[in-house]
Amino acid sequence: MATKKIICAATNNENKLKEIREILNGVDVQPSSYFTRDFYVEETGNSFCENAYLKAKHLSIYADIVIADDSGLEVFALNNEPGIFSSRYSKEGTDRSNVEKLLKAMENIIDRRARFTCCIVAIINGETVQKEGFIYGTIKDHPAGNNGFGYDPVFIPNGYEKTFAEMKKEVKNSISHRKNALELLKKELIMRGLI
Ligand code: IMP
């Protein structure tokens with residue numbers, strides 16, 4: 001019989017929390033603010049997983065299970081940039097200026113292939129578990145759509161004709177890098193009898 005545990009999600013982002021709760025349905029998932037006010041972690045890692053680990057580790061004193069994610073866009077023709085610097089790619093660091101910088105960098109690039117990556121790190125009673133999810137696609141040459149955030153207006157997932165920003169949130173969330181990573185984590189938590 002699985003023991004019911006409160007999972008601490010190292011985020012205070014309502015959308016992420018909702019997505020995590022939807023996928024881990026029935027599990028008591030609480031944001032970091034439920035456990036502490038002290039949640040500022042400098043993302044000094046060299047990979048998505050290292051940054052996710054730093055966030056999870058910071059909160060691991062507060063709960064038996066802590067999960068943290070880090071994600072971003074990797075463009076193959078740009079040596080996987082912006083990567084871990086996705087949110088701070090341009091000087092201003094806004095979604096708009098990041099997308100503008102990306103489109104400029106890709107002006108003469110024919111190979112438009114890219115992927116979103118999400119690494120989720122769970123610290124379970126001191127043990128670290130790490131799961132990565134991906135969604136592959138291409139970068140459009142101009143922004144389209146108003147939904148979502150970040151690079152959604154220029155990312156077209158393979159098998160679709162619309163950008164993430166032109167899709168309904170439910171459709172994006174059913175195929176996203178975060179969804180894929182969370183599903184893998186869910187399997188692991190079930191296998192361990194934790195949920
Ligand atoms: P974080 O891991 O949620 O902090 O995301 C880091 C950055 O990666 C965001 O600020 C976005 O620029 C980019 N990013 C991550 N996931 C997505 C997504 O689903 N759509 C668009 N941009 C994303």
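Strands are taken here as DSSP runs of at least two residues and helices as runs of at least four, both numbered from the N terminus. In the predicted model, the largest share of the shell around the ligand, three residues, comes from β3 under this assignment. Both β3, covering residues 65-75, and α6, covering residues 177-191, supply at least two residues of that shell each. In total, 14 residues surround the ligand, and the closest are Lys16, Ser71, Asp152, Lys172 and His177. By residue class, the shell divides into three nonpolar, six polar and five charged residues.

A polar side-chain atom of serine 71 is placed 2.8 Å from an oxygen atom of the ligand, whereas a polar side-chain atom of histidine 177 lies 3.1 Å from a ligand nitrogen atom. For tyrosine 151, a polar backbone atom is found 3.2 Å from a nitrogen atom of the ligand. Of the 480 Å² of accessible area that the ligand has on its own, the protein covers 88%. The space that the ligand takes is the largest pocket.

Aromatic rings were also examined, with a pair counted if the ring centres lie within 6.5 Å and with planes under 30 degrees apart classed as stacked, over 60 as edge-to-face and the rest as tilted. By this rule, the count comes to six aromatic pairs. One of them is formed by phenylalanine 116 and phenylalanine 155, whose ring centres are 4.6 Å apart and whose planes stand at 55°, so that the pair is tilted.

Backbone geometry was considered last. Most residues other than glycine have a negative phi, and most peptide bonds are trans. A cis peptide bond, with omega at about -5°, joins glutamate 81 and proline 82; proline 82 is located in strand β4, which comprises residues 81-82.

Note on methods: Residues numbered from 1 in each chain as written. Predicted model: local features only at pLDDT ≥ 70, side-chain atom pairs only at ≥ 80, totals over all residues. Heavy atoms only, no water. Near = heavy atom within 4 Å. Polar contact = N/O pair within 3.5 Å; in protein donor to acceptor, adjacent residues only side chain to side chain. Areas by Shrake-Rupley, 256 points an atom, 1.4 Å probe, with all protein chains shown as cover. 1 Å grid on protein atoms, 1.4 Å probe; cavity = no way out; pocket = protein on both sides within 12 Å on 5 of 7 lines; lining within 4 Å. Sits in = over half its atoms within 2 Å of the grid points. Nonpolar A, V, L, I, M, F, W, Y, C, P; charged D, E, K, R; others polar.
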